[in-house]
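This report walks through one protein model, site by site. Keep the sequence and the 3D view open while reading.

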Amino acid sequence: MTGRDDGTRPETGDAKYEERLQTFAGRELRASTPAQDPVNQPMIRHWTEAMGDTNPVYTDAEAARATGRGGVVAPASMIQAWTMRGYAATVSPQAARDGFDELVDLLDEGGYTSVVATDSEFTFLRELEPGDHVAVRESVESISPEKRTGLGTGRFVTTLKTYTDQHGETVATQRWRTLRFRPADDPKPEPALRPRPAVNRDNAFFFDGAKQHRLLIQCCAACSVLRHPPGPCCPECNSLEWDTVEASGRGHVYSYVVNHHPRHPAFDFPLVVAVVELAEGTRLITDLTGVAPEDVAIDMPVVLDWLDADPDLTLPVFRPAPTEAP
Ligand SMILES: [Zn+2]
């Protein structure tokens, strides 16, 4: 059982709340509201382009007439598009509040502050043609008792939208069900993980070594030249034979940047990312830790440290070398 009442909301199991909620059953939430624009060819064309729907009955009058229609028709699934309130109406502080807003307020009061659409059933009675002017009204069919779901405890709210034409005839209906729920109690956010390195056969040794806190450098088995980042072939002698040597862990800052943005949640910011040149001569890109960004300097001596980021990822990082005793 994960149910928990923190005392800040009414007891939603209580009869009074249930009664207030059920006054909405059967009630009209939104009176019939005409679409901003009549059905028109440009919007149909934009829609079919976006959907990749190449059926010519939507765009070619002759092709539409060949199917027995009077001319082009609108895709049935555009019905919602015609009656959308539009951005301005949605954000306007002067937007008139209606029954829908009142129902949402009451659900919020009960703690059902989250919403997810669960299903939508359409019935289409006739095809719309350019010049038709649609209106929509919405009423509540039912509000379910409280149910426990994987998302949280909530109620299924089913409404019926009725779409009519300029003659008041119904052209489509839409039964629209949403789950209004309290987010599951005590959600445990997943800890943000560092991005995974792309490990392959050439560089797996590097990350395997890191898991054992050993900083390995690839070394040509033929000419002994060291190389990093790892690769299959020696850039000096083209040999495919290689081995590794373990780095001493000493180096200096060759170059660096201070990263402020974007802020990946697995990192602390500001994040100092440096190119460190190892005493052995190869360079690697690494985080600098234990130093404020303004104190980092080119050529600053640094030493290896290890970051056990998570059970699957250990990475080398560097920090300023301790000042040597005189
Ligand atoms: Zn070589």
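Two strands pair if DSSP finds at least two bridges between them. Helices (H or I, at least four residues) and strands (E, at least two) are DSSP runs, numbered from the N terminus. With that in hand, Cys220 stands opposite Trp242 in β9.

The model is predicted: local features need pLDDT of at least 70, side-chain atom pairs count only at pLDDT 80 or more, and totals for chains, interfaces and linings use all residues. Residues are numbered from 1 along each chain as its sequence is written, and side-chain values use heavy atoms, with hydrogens and water left out.

**Confidence**

pLDDT is the predictor's confidence in each residue, from 0 to 100. The protein has a mean pLDDT of 90. A value of 70 or more is reached by 93% of its residues. Residues 1–10 have pLDDT below 50. Beyond near neighbours in sequence, this stretch has 15 contacts in the model. Contact means heavy atoms within 4.5 Å.

**The zinc site**

Which residues coordinate the zinc ion? The donors are the SG atoms of Cys220, Cys223, Cys234 and Cys237, at 2.2 to 2.4 Å. Donors are N, O and S atoms within 2.8 Å of the metal (3.2 Å for Na, K and Ca); water is not among the atoms, so sites may look incomplete. The site is tetrahedral, with angles of 102 to 114° among its four donor atoms. Four donors count as tetrahedral if all angles lie between 85 and 135 degrees. The donor spacing in sequence is C-x2-C-x10-C-x2-C. Cys220 and Cys237 link distant parts of the chain, 17 residues apart. Cys220 sits in strand β7 (residues 216–220). Cys237 sits in the loop between β8 (226–227) and β9 (242–246).

Are these two residues buried or exposed? Buried means under 20% relative accessible area, exposed over 50%, partly exposed in between (1.4 Å probe, protein chains only). Cys220 is buried because its relative accessibility is 1%. Cys237 has 34%, so it counts as partly exposed. Not counting residues up to four places away in sequence, Cys237 touches Cys220, Ala222 and Cys223. The C-alpha atoms of Cys237 and Leu307 are separated by 34 Å, and the two residues are 70 apart along the chain.

**The sheet around it**

Strands of a sheet pair through backbone hydrogen bonds, either parallel or antiparallel. Here three strands form an open sheet in the order β8-β7-β9, with antiparallel pairing. β8 and β9 are the edge strands, and each pairs on one side only. β7 and β9 pair over five bridges.

**Nonpolar cores**

A nonpolar core is a set of buried Ala, Val, Leu, Ile, Met, Phe, Trp, Tyr and Cys residues joined through side-chain atoms within 4.5 Å. The largest has 23 residues. Those with the most contacts inside it are Leu215, Val276, Leu278, Leu284, Leu288, Val302 and Phe318. Elements giving two or more residues to this core are α7 (204–211), β7, β11 (271–278), β12 (283–288), β13 (301–310) and β14 (313–320). Leaving aside neighbours within four places in sequence, Val302 is in contact with residues including Val276, Leu288 and Phe318. The contacts of Val302 also include Gly249, Arg250 and His252. A second, separate core has 17 residues, among them Ile79, Tyr163, Val171 and Ala172.

**Helix α2**

Thr48 is found in helix α2 (residues 41–51). Thr48 counts as buried because its relative accessibility is 5%. Leaving aside neighbours within four places in sequence, its contacts are Asp53, Tyr58, Thr59 and Pro75.

**Backbone exceptions**

Most residues other than glycine have a negative phi, and most peptide bonds are trans. The table lists departures from this.

| Site | Feature | Value | Location |
|---|---|---|---|
| His261 and Pro262 | cis peptide bond | omega about 0° | Pro262: loop between β10 (250–259) and β11 |
| Phe269 to Pro270 | cis peptide bond | omega near -5° | Pro270: loop between β10 and β11 |
| His213 | positive phi | about 60° | loop between α7 and β7 |

His213 has a relative accessible area of 35%, so it is partly exposed.

Key. Tetrahedral: all angles 85-135°; square planar, octahedral: opposite > 155°, others 65-115°.
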